[in-house]
Amino acid sequence: MKGKTPEQSKTILTDMVLPGETNPLNNLFGGELLARMDRAASIAARRHSRRIVVTASVNHVAFNRAVPLGSVVTVEAKVSRAFRTSMEVYIDVWIEDRESGERTQANEAIYTFVAVDETGRPIAVPEVIPETNLEKERFDAALRRKQLSLLLAGKIKPNQATELKALFE
């Protein structure tokens, strides 16, 4: 199976925030943004694996900035690392100023997807070949996040979390 770059999975969804999608403060509902991120991330994971994919976990979400009514919001997703059957997808959310057109990063998230066959059984995925410095940083950090998740779930012992251990040595 030939590896792929994060750029090959890149997915960009752009939309406007409408009144029915906002809270009483006229900002985009967090749940609406989560759904948009999930859609973009699932497309990125499918592009990488060329398989059916299912959301395995929402590992991290940072709502750093409100997304006001009428904003143009862009969700960008790329597979940051692939493991045997799972893929970590990093998502950046941008808002565009209505007058200047300047883009500001508003939020970010990390989701995990698993590729499955037609019966729902996990199936192997291609490796990720990072190219840019940011892609390399996210690729390296993905292993630490995976080890932390496995450690907290009791699926590995502390001495097996070699990447985490290296942070403290």
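Which residues of the largest nonpolar core touch the most other members? In this predicted model, in which residues are numbered from 1 along each chain as its sequence is written, local features require pLDDT of at least 70 and side-chain atom pairs count only at pLDDT 80 or more, whereas totals for chains, interfaces and linings use all residues. Side-chain values use heavy atoms, with hydrogens and water left out.

The largest nonpolar core holds 28 residues, and those touching the most other members are Met 37, Met 87, Val 89, Ile 91 and Phe 113. At least two residues of this core are supplied by each of H2, S3, S4 and S5, and H2 gives the largest share, six residues. A nonpolar core is here a set of buried Ala, Val, Leu, Ile, Met, Phe, Trp, Tyr and Cys residues joined through side-chain atoms within 4.5 Å. Helices (H or I, at least four residues) and strands (E, at least two) are DSSP runs, numbered from the N terminus. Contact is defined by heavy atoms within 4.5 Å. With residues up to four places away in sequence not counted, Ile 91 touches Met 37, Ala 41, Val 75, Glu 76, Ala 77, Asn 107, Glu 108, Ala 109 and Tyr 111.

Helix H2 spans residues 30-49, and its 20 residues reach 28 Å from the first C-alpha to the last, close to the 28 Å expected at 1.5 Å a residue; the expected span is 1.5 Å times one less than the number of residues. Residues are classed as buried under 20% relative accessible area, exposed over 50%, and partly exposed in between (1.4 Å probe, protein chains only). The buried residues of H2 are Leu 33, Arg 36, Met 37, Ala 40, Ala 41, Ala 44, Ala 45, His 48 and Ser 49. These buried residues pack against helix H1 (6-9), strand S1 (11-16), strand S2 (52-63), S3, S4 and strand S5 (103-116). Arg 50 follows H2 and has a positive phi, near 55°.

Thr 85 lies in the loop between strand S3 (72-82) and strand S4 (86-96). This residue counts as buried because its relative accessibility is 10%. Apart from neighbours within four places in sequence, Thr 85 is in contact with Phe 113, Val 114, Ala 115, Pro 122, Ile 123, Ala 124 and Val 125.

Eight salt bridges are found in the whole structure, a salt bridge being a side-chain nitrogen of Lys or Arg within 4 Å of a carboxyl oxygen of Asp or Glu. One of them joins the side chains of Glu 7 and Lys 10 (3.9 Å, N to O). Lys 10 counts as partly exposed because its relative accessibility is 28%, and Glu 7 is likewise partly exposed, at 42%. Glu 7 also forms a salt bridge with Lys 78, with the closest N and O atoms 3.2 Å apart. This pair links distant parts of the chain, with Glu 7 in helix H1 and Lys 78 in strand S3, 71 residues apart. At 23% relative accessibility, Lys 78 is partly exposed.

A further salt bridge connects Glu 88 and Arg 145, whose closest N and O atoms are 2.8 Å apart. Here too distant parts of the chain are linked: Glu 88 is in strand S4 and Arg 145 in helix H3 (residues 133-152), 57 residues apart. Glu 88 is buried at 4% relative accessibility, whereas Arg 145, at 27%, is partly exposed. Through shared partners, salt bridges join Glu 7, Lys 10, Lys 78 and Glu 135 into one network.
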